[in-house]
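Open the model in your viewer and keep the selection panel at hand. This tour goes stop by stop.

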Amino acid sequence: MNLVTNLSRRGRSQIALFLIVTMFVTLINWSFLTRNAEAAPLQKIKDTLSDSDLGVAANHTLQFVTQSAITASGTITIAFNSNFSATSSPAFANTDATDYDIATSSGEFTVVAAGSCVTTTPAFEITSVNTSTALFTFTHCNGSPDLPANTTTTIEIGTNATTGGTGNSQLVNPVASGSYLITVTAPSTDSATTRVAIIDDVVVTASVATNFTFTISAVASGQTNANGEPGATTVTTTATTIPWGELSPGVTSTARQDLAVSTNARNGFTVTLWQDQNLLSSIGADIDIFQDGVNGSPAVWASPAATIDSEDTYGHEGVTSEDATISTGDTFGTALYDAIGTSAAPLEVFYHTGPANGSTANKGATKIGFKIEISSLQEAASDYTQSLTYIATPVF
Amino acid sequence: MNLGRNKIWFLGIFLFSIVFGNLENARAEELVGVKMQPSIIEERADPGQTYSWTLRATNVGAKTQELYVVKRDISGLSEEGKPTFANFGEKTGFELSAWVQIAPGPFSIAPGETKDIPFSIVIPNNASPGAHLGSIFLSSEPVRPETTGIGIGYQVATIISLRIAGDTAEEATLREFRTDKKIYGKPEVNFITKVENLGNVIIKPRGPVDITNMFGKKVATLKMNESAGAILPNEVRRFEVLWQDNGLAFGKYEAVMSLGYGEDGRKTISAALAFWVLPGKLVGFTLGGIAVLFLLIFVAVKLYVKRKLGHLSRQSSPDASLAMTPVRPMSKSSILVLCLFYLLLAAVIIWSFLAIY
């Protein structure tokens, strides 16, 4: 009661304002919400073209599921986006029914010219064709069997209409690439829209002109390390070897190889790397993958943990890539190292999404860095060896 | 004197041969690689038929290469279209490596030399219709060093994609169409879509993304999957396209994407979404203007209501209207109720604005 009393003067005006605005807004929204007619939408509507290229003649196969039966004098109208042209020669006309087929899962409907309705078989007439707006109107022949509700209906327009004669007219696609609406109303209370994509054709060159060049280049010692690793390479590589030489505990060794890809493959390429084994010596000891034998995410270089009785922590070897556009992003960041992959799970080190010229960084060329470090616990041997394989493939 | 000069000449020639002789070996180790052509083969084929091609391999390195042939099936493509190679003997459902007849090598190719390697694909009579995918690698085997170190090899692939005639089905569905955000401060919008291949042939859906502003005007048309990336049967692939506009952009935008696919008739899958571009400064200025406008409306309505209520009050009680009614201060609960009313009012206005546009 106190609340109501306190609101009786100042609060009353506030409430009045709120009610006025709410009513106004509700009225506006109501007018928008009730703009559209209360109609049942056709289901599963789609249009398949014989060719979706720009400005070409194409056949249309429209398919939809009726919600209501199409009975005596009921109509089916198909309204194509105005950018479709229905004026190609020979032109569509309501006197020529051969350009249209109407069928359901139960059988064909005969399509007749305007004014030629039959009643003995299921039939529609092509009542009118507005060639200016690409609007086609079919009318059910009164007295002929109905087109039932919940029926998958297929309408062919063009030379793909072959029942009762082969059509000789076709719609011409829009000349601009885009997405175009087609509205089907069947019968007059039920409608739906579908879209067709009109796009320029891809020139097929795959079987002849595509080419792919992959190279590995050696890098001498004293050169800049890959991917922002401070300092210079300590090992001279060849294109086919990385000779680590004698390793000293607590001292890192770095090496680099440069990769290049040239290709005109439209979707680009990927290069992965895998090892057949850890660096393994004839005595059975190995130098593990970075970091400490655990294959995790790329990380800043850390010395092996050298935990006694944990052989995996005596020494490790890692790889980094300067390519900042691996398919997963800039995975290797700056001087982040990862374990070299296996044949079952090779490590991606180079990737691009389009044609490449073999020289542009991140797109045709990159640098691969290798790093190794052992601890004083690493077993002595002079023949820790392994084989690495780069796999270079086009992206399909 | 002549003898000394001759000695110098011989020494110079000796040193020259050592240096440049080793330089030649060094150059041989500087670069290795191969050029393959074609790198992608896509063809339609019929069961029971044999098709022949020639692989051209060029040694682009400075050293003679011994290259071997390796055949592998492709078990799938990643969302980015990267092939995943099947293990030897693994059944993928669309194998073809067993149909490939090619000499295994090694092929010795001198620097700069091009070697033609012919091969055939014999399609079995009972080959399943639809997509079959595999690869031919030219492989350089790594040589394991004798002392601590790594031997490096490489494999370069040619991808083969065949569409075997028969009962083929082309069908796709959109799994996703979205932007990376709902509201942007500037027109830099990344559109992402995922398409699933429900048929038994490879499809390459591609098409336009039409962007219209809140006035219905088309402001841009982008191309999704312009490079026609492929999707294997029963797989999903992700495509992206970026919209950037240097001009002024504000308000609600709609994007409609339609992707066409199929070779036996072009089908379309489409979807639409909405997003907002609300530049910070412009939004602040606009909200400020709206706030001032509503304040003016509020004051005007309040004055009107107060006047009307006062008039009604005087009519119902003439004697009382002559007396001054004391103004009581509002209680805390009243203030709270009024604040809630104002919040509701603001919410209704904002909601209606968003709903309208």
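Which residue in E13(B) is the bridge partner of B:Leu174? Select B:Val195: that is the bridge partner of B:Leu174.

Before moving on, some ground rules. This is a predicted model, where local features need pLDDT of at least 70, side-chain atom pairs count only at pLDDT 80 or more, and totals for chains, interfaces and linings use all residues. Residues are numbered from 1 along each chain as its sequence is written, chains are lettered from A and ligands numbered from 1 in the order in which they are written, and side-chain values use heavy atoms, with hydrogens and water left out.

**Stop 1: a sheet in chain B**

Show chain B as a cartoon. Three strands form an open sheet there, in the order E11-E13-E16, with antiparallel pairing. (Strands are DSSP runs of E, at least two residues, numbered from the N terminus; two strands pair if DSSP finds at least two bridges between them.) Select 172-179 for E11 and 236-244 for E16; these are the edge strands, and each pairs on one side only. From one strand to the next, the twist averages 20°.

**Stop 2: aromatic pairs**

Over all chains, the structure holds 24 aromatic pairs. (Rings of Phe, Tyr and Trp, the last by its six-membered ring, pair if their centres lie within 6.5 Å; planes under 30 degrees apart count as stacked, over 60 as edge-to-face and the rest as tilted.)

Select B:Trp53 and B:Phe119. Their ring centres are 5.9 Å apart and their planes lie at 25°, so this pair is stacked. B:Trp53 is in strand E3 and B:Phe119 in strand E8, 66 residues apart. Both B:Trp53 and B:Phe119 are buried (under 20% relative accessible area; exposed is over 50%, partly exposed in between, with a 1.4 Å probe and protein chains only).

Next, select B:Phe191 and B:Phe275. Here the centres are 5.7 Å apart and the planes at 75°, so the pair is edge-to-face. B:Phe191 belongs to strand E13 and B:Phe275 to strand E18, 84 residues apart. B:Phe191 is buried at 0% relative accessibility. B:Phe275 is buried too, with a relative accessible area of 0%.

**Stop 3: charges over rings**

Select B:Arg72 with B:Phe88. B:Arg72 lies over the ring face, 5.4 Å from the ring centre. (The test: NZ of Lys or CZ of Arg within 6 Å of the ring centre and within 35 degrees of the ring normal.) Finish with B:Lys82 and A:Tyr351: the charged end of B:Lys82 sits over the ring of A:Tyr351, 5.6 Å from its centre.

Conventions. Helix = DSSP H or I, 4+ residues; strand = E, 2+ residues; numbered from the N terminus. Axes fitted to C-alpha atoms, helices over the stretch in contact; angles between N-to-C directions.
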